[in-house]
Amino acid sequence: MTDGLIAAGTAWSDLRVCVVGAGYMGAGIAQILAAAGGRVRVVDQDPELAVEAVRRLTTAAVAFEARGLMPAGTAARVALNSSPARSVADGVSDADLVVEAVFEDVAVKHAVLEEIAASAPKGAVVASNTSAIPIAVLAEALESRARLVGMHWFNPPQFVPGVELIPGPDTDRAVIEWLRDLLRLAGKWPVIVRDAPGFVANRLQFALFREATLMVEEGIASAAEIDEVVKGSFGFRLPFYGPFAIADMAGLDVYAGAFDTLHEKLGDRFAPPAILSDLVAAGRLGVKDGGGFLDLSADEAQAMIDRRDASYVALLHLAESTAQLTASVTPEHGRG
Ligand SMILES: NC(=O)c1ccc[n+]([C@@H]2O[C@H](COP(=O)([O-])OP(=O)(O)OC[C@H]3O[C@@H](n4cnc5c(N)ncnc54)[C@H](O)[C@@H]3O)[C@@H](O)[C@H]2O)c1
């Protein structure tokens, strides 16, 4: 990288990365970026935590490789490429990419971003793993904002492919596209989304979680029962389809009818969405008639339905085989 534009075609092996915050997510992100070939330094407010995190992530890589969860050679690459740093100033001093993964607290993140900006090279890209804080809010801590982005991973970051990339109001488009291409090289599925509280994934996930907790409070079902229903019903579709493909396949008139009942019984938070009502009024009922939210040709819609059934049967087999696998394994990373 240079102080000016980031060199096109940069690969992980050319990159010096510093992960600030050696907790659960920081260690996992450090592990996967070191596995991708980046030279990764890990730093925490307590230097001992950084040393411990590097020990943990290298040991975990050995265990993952032994279990066939990471390809042969990964653990050696992780060990070679990861090291602790004693301070933020030390860790970021020659970094091309700084990943911020400290506590989800605006004041803490602002202080850490200022610390990073004081010592990192002018051309370094700074990516925050915030779960929900708008990047515009994080940017308030910085004078130079063109290289600040949101890079929101999911737990466990080694194995969940999705990463949300969020530009702040002043983020250079080239920076976010560079990061997107790099993440693809690391086998991830990055999606660039607009800056808003919770971005896309957590706004949806927390809306679902809120209704789930309300149902526990109302005594409709226990937490375990709700998990069981989700896993075996609409959750079963989610590895393959998002809410719009699912709605298009179900029929938008069916959705509109269900909304009417929910709205009447549960109130305005279930008012039918205007874009749904408009589509139904226009005779667009989903794949069965007129198209729906997704712009699919008749052939594409049919292919989606054909793939759906095969995918669900494959997932059933996978669920059965992993149930046997997980019964005999203690996870390396306990959380999540
Ligand atoms: N846990 C998840 O599932 C998840 C998923 C996606 C995003 N995130 C986000 O990732 C970030 C980290 O979450 P986590 O779950 O890893 O938390 P964590 O508590 O496990 O780790 C945070 C780490 O940051 C360190 N830290 C705090 N202040 C610091 C400072 N001033 N300088 C250096 N290090 C400092 C702490 O010592 C700790 O080790 C948060 O913003 C969180 O919202 C978490």
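**Notebook: cavity, pocket and ligand**

I started with the largest cavity and found it lined by I135, A139, R145, L148, G168, P169, D170 and T171. For my own record, on a 1 Å grid over the protein atoms alone, a cavity is a set of points where a 1.4 Å probe fits but cannot get out, and lining residues have an atom within 4 Å of a point. This is a predicted model, where local features need pLDDT of at least 70 and side-chain atom pairs count only at pLDDT 80 or more, while totals for chains, interfaces and linings use all residues. Numbering runs from 1 along each chain as its sequence is written, and side-chain values use heavy atoms, with hydrogens and water left out.

I got about 30 Å³ for the volume of the largest cavity, counting the space filled by probe spheres set on grid points joined across faces, edges and corners. The structure has 1 cavity of 30 Å³ or more. I sorted its lining into 4 nonpolar, 2 polar and 2 charged residues (Ala, Val, Leu, Ile, Met, Phe, Trp, Tyr, Cys and Pro are nonpolar, Asp, Glu, Lys and Arg charged, the others, Gly among them, polar).

Next, the second largest pocket. A pocket is an open set with protein on both sides within 12 Å along at least five of seven lines. I read about 800 Å³ of space for this one. It has 36 lining residues, and M25, A101, V102, F103 and E104 are closest to its centre. Two or more lining residues come from each of α1, α2 (47-66), α5 and α8 (201-217); helices are DSSP runs of H or I, at least four residues, numbered from the N terminus. By class I have 16 nonpolar, 12 polar and 8 charged in that lining.

Then I looked up where the ligand is: it sits in the second largest pocket, meaning more than half of its atoms lie within 2 Å of the grid points. For the shell around the ligand, I noted that α1 (24-35) and α5 (106-119) give two or more residues. The largest share, 3 residues, is from α5.

I have 22 residues around the ligand, with M25, D44, E104, K109 and S131 coming nearest (a heavy atom within 4 Å is the cut-off).

Polar contacts came last (N or O pairs within 3.5 Å). I have a ligand oxygen 2.6 Å from a side-chain N or O of E104, and another entry puts a polar side-chain atom of N129 2.9 Å from a ligand oxygen. For V102, a polar backbone atom is 3.3 Å from an oxygen of the ligand.

Notes. Polar contact = N/O pair within 3.5 Å; in protein donor to acceptor, adjacent residues only side chain to side chain.
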